[in-house]
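Subject: Structure for your review

Dear colleague,

Please find the structure below, together with a short account of what was found in it. I would be grateful if you could read the two side by side.

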Amino acid sequence: MIRGVTLALAFTAIAMVSLASPAAADHQRARVTLSATPAAKVEQGYLISAICRLVDGKAIGNATVKFYDVVELFGEREMYIGSATTDASGTATLLYLPAQVGTRRIVARFSGSEHVGSVESRLTLEATVAAPAYHAETPGLAIFSTRVPYAVGVVVLAVWALIAYAFISTARGVKTGARIRKGDTA
Amino acid sequence: MDARTHAAYVERAMWQIGKGGLRFWGSVAMLGAIVLFGLYAYVYQLQRGLGVTGLNQKVSWGFYIINCVFFIGISYGGAMTSAILRLTGAKWRAPLTRLAEATAVAALLVGAVYPIIDLGRPDRVVNLLLYPQVGSPVIWDVVAISTYMVASVVFLYLPLIPDVALARDTLGASAGRVRRTLWRVLALGWRGTAGQQRALRRGIGIMAVLIIPLAVSVHSVLAWLFAVTVRGGWHSTIFAPIFVLAAMLSGVAAVILVVAALRAAYGLHAFITAKHFRYLSYLLIALGLGYVYFMISEYLTEGYVAEETSGAVLEALFVGQYATTFWTFAIAGLALPLVLAALPGRFAIARACVASTLIVGGMWLKRFLIVVPGMADPIMPWDWGRYSPTWVEIAITVGSAAAIPLLLIVFFRFFPVMSVHEMEEVEAPAEQAHAPAPAFAGGAE
């Protein structure tokens, strides 16, 4: 009886593997080749191209590739910078202007499709152009808010001067009075 | 001996100078032990970090900021009481001004330390000076408190000059070398000449005028630290005036308690009478009613609109998790003491003391109700924060509260407890009030 059950379980396991295997076999391996070139206009940054092909060299068209920049923000993390769809030659292109110059690590990720497995590629980019620093629009009351602290500073200095005057003039008055004989008019 | 003679003034104002005794040393030992335990708790916090407190990511302001606002408020009340009474020429002020001014300085010394305790890393206070942000109320708070501290010390010192000279002339020979040197240096050669009197009156006058806007500015800047944020219960246009009034209310209550305690300790019954407590109670009632009006105005306008954040905080105060504390403050810490102080009849001193104790406690609770619910209210869609102080915060709070009477006891061991000069000046007939040099003031000659 026990032997029969064991045999049945073994057959079931083999059947499950054989059902799963064709699906895994359907997922073909792909590879992404990542490259970066300066954009036509320097101030536009870099043209990042990801070419997605199957291992046999066949281009993967109409696939979405997501691009990330690896940044340091409370530890290392990927900052999403955009996505692009591959054309007939399997090429997805993204125009990227980094926030800072220097070494950027770019990641391109294709999350796979029904028949193609997921894949990613990394690229180190030495960025020499970057987006200009962000400047908030000057608020209408800025004319006051930038000057008020200095006006307050002047008031504070005046108060300190008044305290010093009260103290020093009293001390001097008392000291001077000490040199006058009692009963004399000071 | 007639209580209104020069000899009586001198005897009562100075008998405690340099004298020890069991009561003095007992008080110093008891208060010193409490202060030392508070210091131990602070060192413990310094070694282990703010993690030993109940402060957390959501409620990052707790007892320390409450105490900062509370003690600076008490200081403010002391200085304002003295300044207003001087400027209005209230004659009954004479035996009280020294006590009020000394309380102001002692409470300020304690309150000003709290932002540093709250930092956890006290060395980082240097960053405030190295990288000041002139657009931030924090830097102006430092400026306001330090300016007010210097002004308070000068305001305490100037009226002290004739009394220090009196101590020099009266007790000089019998006093120790430290006291003799201290009095000689601080008296600046005071002999009570007409020129000296004039210079002193002018100096005190300037400081009395200056200390009022200064104290207002300190508490306003402190209020703006809260009000310029978008937190519920904090972002209010009435916050600065309500802070100023709260400070005056708690400050006058604290002055009543200090006056009552030192009256009993130094035997000043002949000089500080029920009349003084009645007048101070009137001040307390006026300030209390003003505070009630401001509070209703704040809660009515915020509650009627009930914006998402302020509405949630008001709900927590009136019917939610802080309702017990809020109604305890409103009834026992505000309404009851005002009724007690306003009642006519006997026991004026006892009633004033009970009312003041309740107000001081109530105003501390009010600061708790401002700081903690405002912090606990989640601005993001999240749970309310929770805050329970640990023994470290309680020990530091109690230790700092004990530091105020300790500082006062030590101060009055070196300096007269009442201003003899002022007592004689207000008691003198009008034509003599500006006469040169009372006889005793030039006794060194």
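Is F74(A) buried or exposed, judged by the number of other C-beta atoms within 10 Å? F74(A) is exposed, because 5 other C-beta atoms lie within 10 Å and a residue with 12 or fewer counts as exposed. Please bear in mind that this is a predicted model.

The backbone of F74(A) also deserves a remark: its phi is near 50°, which is a positive value in a residue other than glycine. F74(A) sits in the loop that links β3 and β4 (76-85) of chain A.

A second residue of chain A belongs in this account. N62(A) has a phi near 55°, again a positive value in a residue that is not glycine. The loop that holds N62(A) runs between β2 (46-54) and β3 (64-72) of chain A. N62(A) is exposed, with 10 other C-beta atoms within 10 Å.

Turning to chain B, its secondary structure consists of 16 helices and 0 strands. The radius of gyration of chain B is 23 Å, close to the 22 Å that the globule rule gives for 445 residues, so chain B is as compact as a globular protein of that length. Along the principal axes, the C-alpha atoms of chain B fill a box of roughly 75 × 50 × 45 Å.

Of the 445 residues in chain B, 49% count as buried. Among contacts in chain B with a separation of 6 or more, 83% come from residues 24 or more positions apart.

Yours sincerely

Note on methods: Residues numbered from 1 in each chain as written. Chains lettered and ligands numbered in written order. Predicted model: local features only at pLDDT ≥ 70, side-chain atom pairs only at ≥ 80, totals over all residues. Helix = DSSP H or I, 4+ residues; strand = E, 2+ residues; numbered from the N terminus. Buried ≥ 20, exposed ≤ 12 C-beta atoms within 10 Å, placed from the backbone. Rg over C-alpha atoms; globule rule 2.2 N^0.38 Å. Contact = placed C-beta atoms within 7 Å.
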